[in-house]
Amino acid sequence: DKILDLFVNAPCKVLTDDGINPFTQEQFEVVYDIMTNRAVFPIRNENGELITLKGRTMASDYKILGLPKYFVYYEVETSHLLFGEWINKDYIKNSNNIILFESEKSVMKAYQSEIYNCVAIGRKSISRHQRNKLLTYGKEIIICFDKDVKENELKVISKMFKNLVPVSYTLDRFDLLDSKDAPIDCGIDKFKELIETRIEFKE
C-alpha cells in the first residue's frame, strides 16, 4: 500500500466533473498521478488487499494524443475481482440483491447516493470467477450495464446465472439515458425507475 504515497492525495477534477464528489473519491482512495496526469484508484480484492491501480487520463484531447482513456499500472490477473466488494460486502450480505455495474465509477456514484449493494466487473463480459463469487452471496443479480450494451448481450450474461439465482437486467426502454450512459449517470430518480422496470430473465 505504500505505493499510494507516490501520488498526490487530492480529489481529481475529471471525476468531480463526472459527478463523483470529493468525499466519495476519498472513500475510494482516489489519488492524482502528476507524472501521467491521471486520476488513479486502487483495485482491491474482497479482503482489501491492493492488487493493482487503474488510472483515468485527465487530458480532454486524449484521443488526439493517442493516449488510452484508462491505464492499468500493474498487469495482473483481475478477472476474479469485483470492484467495490471490499467496501460494500457487509451491505451486500444484508441486501436482497446485488447490483452489477460495468464500470468502477458507477459503484462510486451509487455509493454517494447511499446505494451500497453493488459491485463492478470493469468490463462488458463477466468471467466465471466473477460469476462464482457473485453466486456465493445467494442473492438476486441485477445487471445494470451501460445503455450501449444490447439486450441480447444482457441475456447472454444472464444465462450464466440461470437456475442458480434470480437474475434481471435494466433496459432503457423509455429513453432516459444518453447513448453511452450508465444507468446511474443521470441521477438517482432515473436510476430507481430503471431498477423498478427491470426485466426478469426467464429464458
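**Entry 1: Asp148 and its partner**

I started with Asp148, which at 30% relative accessibility counts as partly exposed. This is a predicted model, so I am reading computed values throughout. Asp148 pairs with Lys124 in a salt bridge, and their closest N and O atoms are 3.3 Å apart. Where do the two residues sit? I found Lys124 in the loop between E6 and H6, and Asp148 in the loop between E7 and helix H7 (151–159), so the pair ties together parts that are 24 residues apart in sequence. Lys124 is also partly exposed, with a relative accessible area of 40%.

**Entry 2: other salt bridges**

How many salt bridges does a search of the whole structure find? My tally from that search is 15. A reminder to myself: side chains of opposite charge can pair when their charged atoms come close.

I then looked at Asp18, which forms a salt bridge with Lys109 at 3.6 Å between the closest N and O atoms. This pair links distant parts of the chain, with Asp18 in the loop between H1 and helix H2 (22–27) and Lys109 in helix H5, 91 residues apart. Is Lys109 buried or exposed? At 6% relative accessibility, Lys109 counts as buried, because the cut-off for buried is under 20%. Asp18 is partly exposed, at 27% relative accessible area. I also noted a network of salt bridges that links Asp18, Lys105, Lys109 and Asp185.

Next came Glu29 and Arg44, whose salt bridge has its closest N and O atoms 2.8 Å apart. Glu29 lies in the loop between H2 and strand E1 (31–33), while Arg44 lies in strand E2, and the two are 15 residues apart. Arg44 is buried, with a relative accessible area of 5%, and Glu29 is partly exposed at 23%.

**Entry 3: helix H6**

Which residues of helix H6 (residues 128–135) are buried? I listed Gln130, Arg131, Lys133 and Leu134. Looking down the axis of H6, I see the buried residues fall within an arc of 165°, so they line one face of the helix. As background, an α-helix has 3.6 residues a turn, so residues three or four places apart point the same way. On the other side of H6, Arg128 and His129 are exposed. I checked what covers the buried residues of H6, and the cover includes H4, E5, E6 and E7.

**Entry 4: nonpolar cores**

The largest nonpolar core has 27 residues, and I marked Phe28, Phe83, Ile99, Phe101 and Phe191 as those with the most contacts inside it. Among the elements that give two or more residues to this core are helix H1 (13–16), strand E2 (38–44), helix H4 (85–93), strand E5 (97–101) and helix H8 (188–196). Which element gives the most? H5 does, with four residues.

Leaving out residues up to four places away in sequence, Phe191 touches Ile99, Phe101, Ile115, Cys144, Pro183 and Ile184.

**Entry 5: a surface patch**

Val8, Ile34 and Met35 make a nonpolar patch of about 350 Å². Val8 lies in the segment before H1, and at 38% relative accessibility it counts as partly exposed.

Note on methods. Residues are numbered from 1 along each chain as its sequence is written. This is a predicted model: local features need pLDDT of at least 70, side-chain atom pairs count only at pLDDT 80 or more; totals for chains, interfaces and linings use all residues. Side-chain values use heavy atoms; hydrogens and water are left out. A nonpolar core is a set of buried Ala, Val, Leu, Ile, Met, Phe, Trp, Tyr and Cys residues joined through side-chain atoms within 4.5 Å. Buried means under 20% relative accessible area, exposed over 50%, partly exposed in between (1.4 Å probe, protein chains only). Contact means heavy atoms within 4.5 Å. The arc is that of the directions from the helix axis to the C-beta atoms. Patches are made of residues with over 30% relative accessible area and no salt bridge: like charges are joined within 9 Å, nonpolar side chains (Val, Leu, Ile, Met, Phe, Trp, Tyr) within 5 Å. Accessible areas come from the Shrake-Rupley method with a 1.4 Å probe; for residues, only the protein chains shown count as cover. A salt bridge is a side-chain nitrogen of Lys or Arg within 4 Å of a carboxyl oxygen of Asp or Glu.
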